[in-house]
Structures are given as C-alpha cells and as structure tokens.
Amino acid sequence: MTPREIRTDDVTAQCAVCGRSLLRGEEPEHYLHDGKRRDVCGLCTGRAEREGWIREAEGAQIGARAARDRRGLISRLRQWQRSRVQPGPEAAEPNGSLGDELRASPHASDGLFTAQPQGGERHVHAVPTSDELKITRALELFNVSEHPRTVAGVARSLGPPAVAVLPVDNSSVVTVTVAWELCWYRYEVDLADERGGVRVADQGYELDELTESEQIANAAADDRGVLQTAASA
C-alpha cells in the first residue's frame, strides 16, 4: 500500500507582541503599528494598546484623513493620552503667557536676565536673553521630563511629528508644539521657574487650530521622543 501524503495550506499566525504561535482556531486581533498590519493574540491586546498600537477596525489607514475613521481614532488617542499623561494642577490654568507675571532685569555681561515674580514664591533662575539659547534650554528640560514617552508612543502609530519651539515675546516662557496630521500637543516651559517643570498647556486634533508659526517646524523628534533642533539633528 502506497502511503498517502497529507499536506496543509494552513499558515500559523504569530503574535507580534509576545512571539507566540497562535493555536489552531485562535483568531488574532489585527493592529496597525509602524505603518504595518500586526497580528496580536488575545493575551497581548492590552500591552499593544498601551504601546500606542491602533486596532485595525478603529483606525484603518491612519495616515489618511478619512472622516469616517477620525472619530474612532481621536477617541483612542484621547483615552491613551489620559492613561499616560497626568498633568499637575498647573495644567488646569487658563492658557496665556506667564511672562505677564514676571519682571526682567537684564545682565548683558553674561547674556542672561533674572525673572522676578510679582506675587507668590517661585524658584528664580537666570534666563538666556537670546531666542537660540532659550530654545536650547527648553528642549533640555523637555527631554528630561516624562513627555518624550508620550511623543514616542503616538509617533509609533502616526509617524514622526513636526516640532515647533517658540520663545514667547518679552517672557521667560518657551512653547513646544508637537504636531501630527491628526493631533497635536502644546507644552510650556518657564525658564524662570524650572522647578515647575514642563506642562501640557493645550492639545487638539486639527492643525488649523495652531498658529501659523506653530505649523513651521524648527525641531524634530527621534524614536525615543527626544527633541532636538534642526541645526543639531
């Protein structure tokens, strides 16, 4: 008797998170990450979502601005951002320049000025007088904060952001705007009060909500969410 050769065309799926081969009959969840479709087992969906992966059914073709996908994607980004970023009490303050509360005393000899508070106690620092030095210092403070994790997480799904770092006129405040096609974050750094840290000043989902200057990139983010100016990239 001639032995029969049995062949199967079944292809075993593998979880893109844990690497486990899925059992026969076990259906994977499909996610989008780095512009590619990824199979994820039921045990790893939570981990995939914490890393910023987007479920395919809710965010198909994320790079396109399709109106039917926008609502689901925005909802997922909002939920993910709430779980990763917990702004302090200052985040609830109205937007505006903190420079209105400061008085500057220039010291031309060292290129710095000391910002003096009008009310309340603040930790006073010498602030660079040139815009270039302000931008450099603001990025240094941003990069040692928790916010690069947020930038990196969103970038894994939406790609590299455009970054605009802008000193506020006649102020010790520098704004850092990180924008993708479908969402943006605006951070504020008060160089006269470095202990106050970097705070989330605002966020949105339409680029036309930004000023013209904020839509012109002068910095970039690497895959860890660390920011650097175009000149130093």
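How many residues does helix 5 have, and how far does helix 5 reach from its first C-alpha to its last? Here are some friendly notes, starting with that helix.

1. Helix 5 (residues 147-158) has twelve residues and reaches 17 Å from its first C-alpha to its last, close to the 16 Å expected at 1.5 Å a residue. That expected span is 1.5 Å times one less than the number of residues. Helices (H or I, at least four residues) and strands (E, at least two) are DSSP runs, numbered from the N terminus.

2. A word on the model: it is predicted, so local features need pLDDT of at least 70 and side-chain atom pairs count only at pLDDT 80 or more, while totals for chains, interfaces and linings use all residues. Residues are numbered from 1 along each chain as its sequence is written, and side-chain values use heavy atoms, with hydrogens and water left out.

3. Overall, the chain has five helices and twelve strands. Of its 233 residues, 38% are buried, where buried means under 20% relative accessible area, exposed over 50%, and partly exposed in between (1.4 Å probe, protein chains only).

4. Back to helix 5, which is mostly covered, with nine of its twelve residues buried. Among them are His147, Thr150, Val151 and Val154. Just after the helix, glycine 159 takes a positive phi of about 90 degrees.

5. The largest nonpolar core has 26 residues, and those with the most contacts inside it are Val165, Val176, Val178, Trp180 and Tyr187. Such a core is a set of buried Ala, Val, Leu, Ile, Met, Phe, Trp, Tyr and Cys residues joined through side-chain atoms within 4.5 Å. Helix 4 (131-143), helix 5 and strands 7, 8, 9 and 10 each supply at least two residues of this core; the largest share, five residues, comes from helix 4. Apart from this core lies another, of eight residues, including Tyr31 and Cys41.

6. Tyrosine 187 deserves a look. Beyond its neighbours within four places in sequence, its contacts (heavy atoms within 4.5 Å) include Phe142, His147, Val151, Val176 and Val200. Tyrosine 187 also stands opposite valine 200 in strand 10. Strand 9 (residues 184-190) and strand 10 run antiparallel, joined by six bridges; strands pair if DSSP finds at least two bridges between them. Five of the seven residues of strand 10 (residues 198-204) are buried.

7. Finally, asparagine 170 lies in the loop between strand 7 (162-167) and strand 8 (173-179). Its phi is near 55 degrees, a positive value in a residue other than glycine. At 80% relative accessibility, asparagine 170 counts as exposed.
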